[in-house]
Amino acid sequence: MQTPPPDLSPDTPSDTPELFEEPPRETPREVEPPAKGPQDSTWIYKLLLLLILVVGAYLRFRGVDWDEFQYVHPDERFLGFVENDIQPVQSLGEYFNTATSTLNPMNRGHDFFVYGTLPIFLLRYVMEWTGNSGYANFAAVGRPLSGFFDLMTVWVLYLIASRLFNRKVGLLAAAFSAFAVLQIQLSHFFTVDIYANFFIWLSLYFAVVIAQSANPQTNQPTNLQSLLALPRHPAFLPSLLFGLFSGMALASKISAYPLVLMLPVAAGIYLLHQPAKMRVSSAIEMTALMALGGAMFFLAFRV
């Protein structure tokens with residue numbers, strides 16, 4: 001009896017693996033992408049801030065000749081007369097000699113001058129440097145300069161709100177400022193308000209920095225050690241800059257004088273965040289810093 005041949009049909013399993021048969025693969029595990037850190041979205045905030053500043057610049061610099069430079073604003077027209085009459089000084093001695101200085105409006109026939117002098121001094125020298133002196137060129141130079149300072153105010157507001165809250169709030173504050181009708185309107189004139197506003201907000205920024213300064217000291221120092229280490233204090237430079245810019249704010253518009261109260265307010269907030277055992281030495285430090293800030297204020301206001 002013959003043995004039947006083996007069934008070699010494809011349905012018959014074979015113990016020998018096929019030559020090109022792929023081995024079984026493990027199902028790859030799904031790798032979760034790394035979580036985005038705060039730096040991954042930094043460029044978005046920078047881009048949005050840049051967009052706000054570009055749009056704000058367009059609104060401020062467009063149409064600066066809206067009145068064909070006829071000076072229909074009475075304050076701007078008066079400041080134009082003053083700019084045309086004052087002359088740059090030749091030395092520091094002449095500058096500080098109020099009775100004879102050619103930059104003093106009262107020495108040039110404007111006895112009733114009640115505006116701040118910093119903006120008109122700044123514009124007078126910019127006009128000289130650019131070769132555009134004279135009454136006819138006054139607004140053509142002064143109005144874009146006003147727009148520039150107001151645009152910088154938008155940026156400072158972003159810095160303040162970002163430090164107090166976060167960058168989203170900072171962008172919102174910058175956008176509100178960039179599209180504020182009053183700021184856009186004042187940017188199309190040369191008046192002292194825009195300059196005072198910029199220096200006020202810049203001073204407030206450094207007041208916020210002072211209030212949020214962290215004291216790196218871990219041991220309670222003596223009073224002498226506190227004073228000797230004052231230049232290394234985190235609030236040292238912000239205090240000087242607050243004094244500088246608050247003095248410039250008052251030199252732009254004298255009604256900004258309540259701003260000086262923000263330095264002791266910032267110092268008080270700083271002290272409240274210090275450990276109880278360090279408040280005495282910290283109070284001595286902040287008193288010295290306020291004195292330095294006050295000296296810088298009077299220097300900036302006088303100059």
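Helix α8 passes helix α10 in a left-handed crossing. This is a predicted model. The two axes, of α8 (residues 193-211) and α10 (residues 236-252), come within 8 Å and cross at roughly 160°. Angles over 145 degrees count as roughly antiparallel, so α8 and α10 are roughly antiparallel to each other.

The α8 side of this contact is formed by Tyr195, Ala196, Phe199, Ile200, Leu202, Ser203, Phe206, Ala207, Val209 and Ile210. On the α10 side stand Pro238, Ser239, Leu241, Phe242, Phe245, Ser246, Met248, Ala249 and Ser252. By class, the contact of α8 with α10 holds 15 nonpolar residues, four polar and no charged.

Now take α10 by itself. The helix is mostly covered, with 14 of its 17 residues buried. Its length can be checked. At 1.5 Å a residue, the 17 residues of α10 should span 24 Å. The end C-alpha atoms of α10 are 25 Å apart, which agrees.

Helix α8 has another partner, α11 (residues 262-272). Here the axes come within 7 Å and cross at roughly 20°. That makes α8 roughly parallel to α11, because angles under 35 degrees count as roughly parallel. The crossing of α8 and α11 is right-handed. From α8, the residues Leu204, Ala207, Ile210 and Ala211 take part. They meet Met262, Leu263, Ala266, Ala267, Ile269 and Tyr270 in α11. The residues of this contact of α8 with α11 divide into ten nonpolar, no polar and no charged.

Step back to the whole chain. It contains twelve helices and zero strands. Along the sequence the pattern reads α-α-α-α-α-α-α-α-α-α-α-α. Of the 303 residues of the protein chain, 41% count as buried. Among contacts between residues at least 6 apart in sequence, 75% join residues at least 24 apart.

Helix α4 (residues 118-130) has 13 residues. From its first C-alpha to its last, α4 reaches 18 Å, close to the 18 Å expected at 1.5 Å a residue. Within α4, Pro119, Ile120, Phe121, Leu123, Arg124, Val126 and Met127 are buried. What covers these buried residues of α4? The cover includes α2, α3 (92-96), α5 (138-164), α8 and α10. Glycine 131 follows α4, and its phi is positive, near 70°.

Glycine 116 lies in the loop between α3 and α4. Is glycine 116 buried or exposed? Its relative accessibility is 8%, so glycine 116 counts as buried. The C-alpha atoms of glycine 116 and alanine 251 are separated by 5.2 Å, although the two residues are 135 residues apart along the chain. Leaving aside neighbours within four places in sequence, glycine 116 is in contact with Val192, Ala251, Ser252 and Lys253.

The axes of α2 and α5 come within 11 Å and cross at roughly 115°. This crossing is right-handed. The contact is made by Glu76, Leu79, Gly80 and Glu83 of α2 and by Phe138, Ala139 and Arg143 of α5. By class, the contact of α2 with α5 has three nonpolar, one polar and three charged residues. The contact of α8 with α11, by comparison, has no charged residues.

One loop remains, the one between α1 (42-61) and α2 (74-85). Most residues other than glycine have a negative phi. Glutamate 68, in this loop, has a positive phi of about 55° although it is not a glycine. Phenylalanine 69 is found in the loop between α1 and α2 as well. Its phi is near 55°, again a positive value in a residue other than glycine. How exposed is each residue? Glutamate 68 is exposed, with a relative accessible area of 64%. Phenylalanine 69, at 28% relative accessibility, counts as partly exposed.

Conventions. Residues are numbered from 1 along each chain as its sequence is written. This is a predicted model: local features need pLDDT of at least 70, side-chain atom pairs count only at pLDDT 80 or more; totals for chains, interfaces and linings use all residues. Side-chain values use heavy atoms; hydrogens and water are left out. Axes are lines fitted to C-alpha atoms, for helices over the stretch in contact, and angles run from 0 to 180 degrees between N-to-C directions. Helices (H or I, at least four residues) and strands (E, at least two) are DSSP runs, numbered from the N terminus. Angles under 35 degrees count as roughly parallel, over 145 as roughly antiparallel, 65 to 115 as roughly perpendicular and the rest as oblique. A crossing is left-handed if the near helix is turned anticlockwise from the far one by less than a right angle, and right-handed if clockwise. Contact means heavy atoms within 4.5 Å. Ala, Val, Leu, Ile, Met, Phe, Trp, Tyr, Cys and Pro count as nonpolar, Asp, Glu, Lys and Arg as charged, and the others, Gly among them, as polar. The expected span of a helix is 1.5 Å times one less than its number of residues. Buried means under 20% relative accessible area, exposed over 50%, partly exposed in between (1.4 Å probe, protein chains only).
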